[in-house]
Amino acid sequence: MAQPIISFKDYGFQYRAQASPTLHHINLDIYPGEKVLIAGASGSGKSTIGSCINGLIPYAYPGENTGQLLVGGKDPKKESIFTLSQIVGTVLQDTDGQFIGLTVGEDIAFALENDCVPQDEMKLTVEETAKLVDIDHHLEYAPHELSGGQKQRVSLAGVMVENVKVLLFDEPLANLDPAAGRTTIELIDEVQERTGAAVIIIEHRLEDVLWRKVDRIVLMDEGRIVADMPTKAFLTDTMLLEHGIREPLYLTALRYAGVPIREELEPQHVESLRLSGEHKEQVRAWYRDNEGRGGADAQRRDILSVENVSFGYTPEVQNLKNVSFSIKEGEMVSIVGKNGAGKSTLAKLVCGFEKPTSGRICLAGRDLSDDTIKERASQIGYVMQNPNQMISKPLIWDEVEMALLAGNMSVEERKERVEETLKICGLYPFRKWPVSALSYGQKKRVTIAGILVQQPRIIILDEPTAGQDYHHYTEIMEFLKGLNEQGFTIIMITHDMHLMLEYTPRAIVFSEGELLADTTAAHVLNDPALVQRANLKETSLYTLSMSCGIENPQEFTKRFIAYEEAHRKGQEG
Amino acid sequence: MARIAILNYIRRPSPVHELTGTAKLIFFIAWSVAAMVTFDTRVLVCMLLIGAVIFRISQIRIRDISVVLGLAAVFLLLNNLFIYLFTPEYGVEVYASRDVLFPIVGRYTVTAQQLFYHLNITLKVVCVVPIALLFIACTDPSEFASSLARIGVSYRAGYAVSLALRYIPDVQREYRNISQAQQARGIDLSGKDKLFTRLKNSVAILLPLIMSSINRIEVVSNAMELRGFGKEKKRTWYMQRKLQRNDWLAIGFAIAVLAVGLAVTFSNGSRYYNPFV
């Protein structure tokens, strides 16, 4: 066998700023031309492995290592980060941050500029590389004129100009809508085919990465490699959930139905599954047995109604076009659609951050047009995507109390209200803690508590689970569901199709500023035309149910979710 | 996103736009030096007229840059006011004569010499500001960094300018988002509160903004290092253009203005043109 291009031998690493090592006894070889997925929950050490490979460790993040690491036959400790950058090309998670040039062309050329490549040659290389990733018609564009998927193409081209031997992707799917994520995985596949580079993808969204062939999966937990197996063999194992990763939905469904997952099943992709007649019958039987799971919804009254609302940030562009819908009290609703479809704009209009150019927004039948942001905030709360964008006090108590200080409440009243809110959010034991001591998911709770303390009737959340592994995802979503059961109306803007199916009965779909559909979440993904127009993606449960001859995939999904929930409760109780 | 741009690159077809960034930068520097050094009214009036012609050619309209022009006007007014308040007799000293037009109060009188001095100060600013604004409005930001590098500024410093141009819009957008979300939590910046409360409130927006900016800086500097920034002593530039005939003409013209301006200025042995003798 050929020489590995990357080779970890009993490697351990400890960041200088940390008390204990982040990586322990890593043994990992990656060969030229391979495609390897490194999966693991947040904090498992998977990103640290990435930083070891591209040289950020020890160059930007100093620390102590044990054992040995060779990248392209060289020891990163002895080489500069520049030598490594010619072997390993890295596409960072934050494609906005990685976009350094003022235009696409400049950004792709950045590495060549640093190499002192003459301009004529540089222009030629940029042109060719841009063609490879299909961005050659946008060379003059500025970053804010591009979609998330396009920015990722630029990032990829920017590292490909160096003819690197390894392409490293750090959570490439985190900021993309479902269809753009799928295209990215296809693009990575094509690029690998053309360049023959080894590809390493660090990602916890297993099912999405498996959309194209992956040779090997490495699973990390607590700084150790817990599995390193060919994809097929890996999927037959049930270890994923224990390590905080969601296994592909179709495999979970097969397991529920009692179908044993073996390599002969070709389990790496839902469309390649080789199910025998017997297996299909098992799935159908499971479907029949679970009839009646997932109940009907009660009739409620409207709380929020949006009537013929249009809006544009500039007079030339309409970001929202004549949008109307209403939301009932106590509902939990998803708003979905591709990046830039107008979802966040809508949230801003509802909160009063921007004023509609025409139409009106009513809360429980009362027109909100003349209410200020502050007046609306006591009724409608808005939680931003990243908790760090909201937290401005060092202590949890102060952070939650902040919104109350502006009113004329007495000290006792405030204390009572904050305590009550902290209890609802499960933060009461931490009330004296500094915010910085909390995990990401707990910080998210703090920001939600900071909103809840104003006792709004509606809470709007922007991408509540973006970038979260399965464990944190469940933690945040179960918390929101609990709030919903206590009577809060919850509206979520999301890219996650399974979140929409699992937690929100109803979905509102946007595309290009227009409301495309307002229907049940299950129905949204059952309409291929709608899925395509809104840049969404059907889940693998649909494909599975169809291939087993179950004609109502909506109902199949519904029963799956209800079964899973009962299963989860059973485990806890 | 709402347009917050006060002064930015305005793409229009004009000979001024077509000049390379390097030529425009040299022109701007020569022009500024000339206007700064001279107090010769004849030179300043000539420069003002030439400046007006260039402005005309550039296709940039007054209203494109009206906000900044307004600010400059305010500064100019304040500048004149303070000069008069502190040195009401400076003109008399410079021009070595004293023609009182009318007295105001105490040591403050209006003299022809002081007025003439103020006229010159004002002319100097009026000569430089439009050319400076033109330089910014007509130069593709992508060319800034390479232009600076070509006249000898370290490319690391030059690239800092470029990065600022790249990320300022992002930070502005972030500021807007954060301030909206914080306003919804009772943080009022509209001016109804007392100054101290408002200052305290602005911390609620600045803290998250600073945290996210620090985070952004880390990402950007990692991304740059991973792609070899700082590897060599020099670097090449994707957007740099070769100097054409017109560029050389513009540079030559600017140097001529500087030379002639200085020659005329110092022909009488001082920086000042004195009509009072």
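The model is predicted.

**Stop 1: the domains of chain A**

Now show the contact between them. Domain 1 of chain A brings 19 residues to it, and domain 2 of chain A also brings 19. Together the two domains bury about 1600 Å², with 50% of that area on carbon and sulfur atoms. Select Asp177(A), Pro178(A) and Arg246(A) next. These residues provide 34% of the area that domain 1 of chain A buries against domain 2 of chain A, more than any other three residues.

**Stop 2**

Which side chains meet in a salt bridge here? Select Asp208(A) and Lys537(A): their side chains form one, at 2.4 Å from N to O. Between domain 1 and domain 2 of chain A the count is two salt bridges. Eight residue pairs are in polar contact between these domains, with both residues at pLDDT 80 or more.

Highlight helices H8 (178-195), H9 (206-209) and H11 (249-256) of chain A. These are the elements that give two or more residues to the side of domain 1 that touches domain 2. H8(A) gives the most, with four residues. By type, that side of domain 1 of chain A holds nine nonpolar, five polar and five charged residues.

**Stop 3: helix H11 of chain A**

Stay on H11(A). How many of its residues are buried? Seven of the eight are, and the helix is mostly covered. Select Leu249(A), Tyr250(A), Leu251(A), Thr252(A), Ala253(A), Leu254(A) and Tyr256(A) to see the buried residues. Then step to Gly258(A), which follows H11(A) and has a positive phi, near 85°.

**Stop 4: chain B against chain A**

Bring chain B into view. At this interface, 48 residues of chain B contact 64 residues of chain A. The two chains bury about 5000 Å² between them, 56% of it on carbon and sulfur atoms. Select Arg185(B), Arg227(B) and Tyr238(B). They supply 22% of the area that chain B buries against chain A, more than any other three residues.

Now show helices H7 (141-150), H8 (155-183) and H9 (195-226) of chain B. Each supplies at least two residues of the side that touches chain A. H8(B) has the largest share, 15 residues. The side of chain B that touches chain A divides into 23 nonpolar, 12 polar and 13 charged residues.

**Stop 5: backbone details in chain A**

Most residues other than glycine have a negative phi, and most peptide bonds are trans.

- Pro58(A) sits in helix H2 (residues 56-59) of chain A.
- Cys116(A): phi is positive, near 60°. Cys116(A) lies in the loop between H5 (104-114) and H6 (119-132) of chain A. Cys116(A) is partly exposed, at 30% relative accessible area.
- Asp134(A): phi is positive, about 60°. Find Asp134(A) in the loop between H6 and H7 (148-160) of chain A.

Terms used: Residues numbered from 1 in each chain as written. Chains lettered and ligands numbered in written order. Predicted model: local features only at pLDDT ≥ 70, side-chain atom pairs only at ≥ 80, totals over all residues. Heavy atoms only, no water. Contact = heavy atoms within 4.5 Å. Buried area = accessible area lost by both parts, 1.4 Å probe. Salt bridge = Lys/Arg side-chain N within 4 Å of Asp/Glu carboxyl O. Polar contact = N/O pair within 3.5 Å; in protein donor to acceptor, adjacent residues only side chain to side chain. Nonpolar A, V, L, I, M, F, W, Y, C, P; charged D, E, K, R; others polar. Buried < 20%, exposed > 50% of the residue type's maximum accessible area, 1.4 Å probe, protein only.
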